[in-house]
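This report goes through selected parts of one protein model, helix by helix and then loop by loop. The sequence and the structure come first.

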Amino acid sequence: MTRIAAVHGALPPNRYPQSEITEAFARICLPPDADRRLLRRLHAAARVEHRNLALPLEEYGKLDGFGSANAVFVETAIELGAEAVSGALEAAGLTAEDVDMIMFTSVTGIAAPSIDARLAGRLGLRPDVKRVPVFGLGCVAGAAGIARLHDYLRGWPGHVAVLLSVELCSLTLQRADATPVNFVASALFGDGAAAVVACGPDRPLPGRGDPAEPARQENSVTVVATRGHLYPGTEAVMGWDVTDKGFRVVLDTSVPDVVRAHLADDVHGFLGDHGLTTADVTAWVCHPGGPKVLDAVAETLRLPPGALDVTWRSLADIGNLSSSSVLHVLRDTLELRPPPGTPGVLMALGPGFCSELVLLRW
């Protein structure tokens with residue numbers, strides 16, 4: 001089985017309380033005489049207390065279009081990506097030359113050459129490293145990325161694979177858009193990055209003994225199985241409208257209803273195929289999609305009180321980082337050390353509309 005050797009998160013240094021972000025957004029995006037009550041109410045309801053941003057707040061008003069915002073994306077993604085990958089490799093006891101494949105995912109900016117290519121020389125990756133840049137998965141990409149690393153390492157069991165996610169959601173800010181969906185997006189989403197180092201079953205972790213004994217290795221977790229599911233007829237629920245001003249968020253109010261309609265059957269069927277039920281799961285690693293989505297997840301799966309506490313804390317502390325968020329939640333869960341040998345579930349939802357489930361063994 002694939003072993004997750006390390007997870008490392010990286011955040012930009014510009015950190016602000018939610019109330020300060022709310023007022024800055026109002027100054028940039030609303031007329032001076034506009035009623036701010038709806039904006040303030042939606043920002044308060046997001047249950048986000050702080051967020052880290054790619055730029056200082058006063059710099060956002062100077063962005064004059066998609067080109068300038070995307071230039072900041074490329075520059076910042078390289079810096080945060082290098083920090084995340086270097087930190088994860090160090091924690092795993094590996095070097096950049098050990099990496100056989102790197103997957104990069106983001107949905108908040110574009111680059112050609114891709115960010116992984118721009119990082120290769122800086123990090124010291126081998127010239128023959130396999131690269132897989134991925135765009136379009138959105139919030140689900142953290143879970144889907146781990147699933148695709150697992151697929152790769154089943155075919156190359158002696159290899160090391162890295163997943164890098166960088167999401168700079170604040171750079172998609174749409175000025176002169178006073179719609180409730182833009183208010184909600186501006187309330188929830190933050191900026192950050194995360195990297196996962198995974199090893200195939202034939203690749204021993206440095207200083208950790210026999211690779212055939214992964215469940216007893218400190219701070220190591222194995223991937224047992226994965227499953228993705230597209231929900232027909234839900235393509236318009238979440239995503240981007242690509243305009244001449246950049247990415248304009250699509251976020252339908254029906255997202256919690258879609259979760260209630262589909263997630264329970266997916267999770268119960270997935271666990272059942274491995275002889276498990278939700279009662280067997282000792283830790284839930286859930287993407288912090290927002291309060292209504294998390295309430296829907298807990299309700300439809302009938303999770304016990306506190307099951308999503310790590311996710312709620314992540315939402316409050318850094319907001320929703322799109323694909324990077326579930327990886328931050330995974331890192332925080334690993335630090336709590338769930339009971340060794342017990343099952344865990346990592347899950348995320350995203351554009352498509354879709355879910356991705358990863359069965360873990362702590």
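Helix α2 spans residues 37–45, and its buried residues are L39, L42 and H43. Buried stands for under 20% relative accessible area, exposed for over 50%, and partly exposed for what lies in between, with a 1.4 Å probe and protein chains only. Helices (H or I, at least four residues) and strands (E, at least two) are DSSP runs numbered from the N terminus.

The model is predicted: local features need pLDDT of at least 70 and side-chain atom pairs count only at pLDDT 80 or more, while totals for chains, interfaces and linings use all residues. Residues are numbered from 1 along each chain as its sequence is written, and side-chain values use heavy atoms, with hydrogens and water left out.

## What α2 and α6 pack against

The buried residues of α2 pack against α1 (18–29), β3 (50–53) and α6 (180–188). Contact here means heavy atoms within 4.5 Å. Just after α2, R47 takes a positive phi of about 60 degrees.

In α6, the buried residues are N182, F183, A185, S186, A187 and L188. Their packing partners are α1, α2, β3, β10 (246–251), α8 and α9.

## Helices α7 and α8

Helix α7 (residues 255–272) packs with α8 at an angle of about 35 degrees, and their axes are 9 Å apart. Axes are lines fitted to C-alpha atoms, for helices over the stretch in contact, and angles run from 0 to 180 degrees between N-to-C directions. The two helices cross in a right-handed way. A crossing is right-handed if the near helix is turned clockwise from the far one by less than a right angle, and left-handed if anticlockwise.

On the α7 side, the contact is made by V255, P256, V259, R260, L263, A264 and V267, and on the α8 side by K292, V293, A296, V297, E299, T300 and L301. By class, this contact of α7 with α8 has 10 nonpolar residues, one polar and three charged. Ala, Val, Leu, Ile, Met, Phe, Trp, Tyr, Cys and Pro count as nonpolar, Asp, Glu, Lys and Arg as charged, and the others, Gly among them, as polar.

## Helices α9 and α10

The axes of α9 (residues 309–318) and α10 (residues 325–336) come within 10 Å and cross at roughly 125 degrees. This angle makes α9 oblique to α10. Angles under 35 degrees count as roughly parallel, over 145 as roughly antiparallel, 65 to 115 as roughly perpendicular, and the rest as oblique. The crossing of α9 with α10 is right-handed.

V310, T311, R313, S314 and I318 of α9 meet H328, V329, D332, T333 and L336 of α10. The contact of α9 with α10 divides into four nonpolar, four polar and two charged residues.

## Loops and backbone exceptions

Most residues other than glycine have a negative phi, and most peptide bonds are trans. R302 is not a glycine, yet has a positive phi of about 55 degrees. R302 is in the loop between α8 and α9 and is exposed, with a relative accessible area of 77%. G306 lies in the loop between α8 (291–301) and α9. G306 is partly exposed, at 42% relative accessible area. R337, in the loop between α10 and β12, is not a glycine either and has a positive phi of about 55 degrees.

Two peptide bonds deserve a look. The bond from A112 to P113 is cis, with omega near 5 degrees, and P113 lies in the loop between β4 (101–106) and α4 (115–123). The bond from G352 to F353 is cis, with omega near -20 degrees, and F353 lies in the loop between β12 (343–350) and β13 (354–361).

## V7 in strand β1

V7 belongs to strand β1 (residues 2–10) and is buried, at 12% relative accessibility. The C-alpha atoms of V7 and A88 are separated by 5.5 Å, though the two residues are 81 residues apart along the chain. Neighbours within four places in sequence aside, V7 is in contact with A195, V196, L327, L330, R331 and L334.
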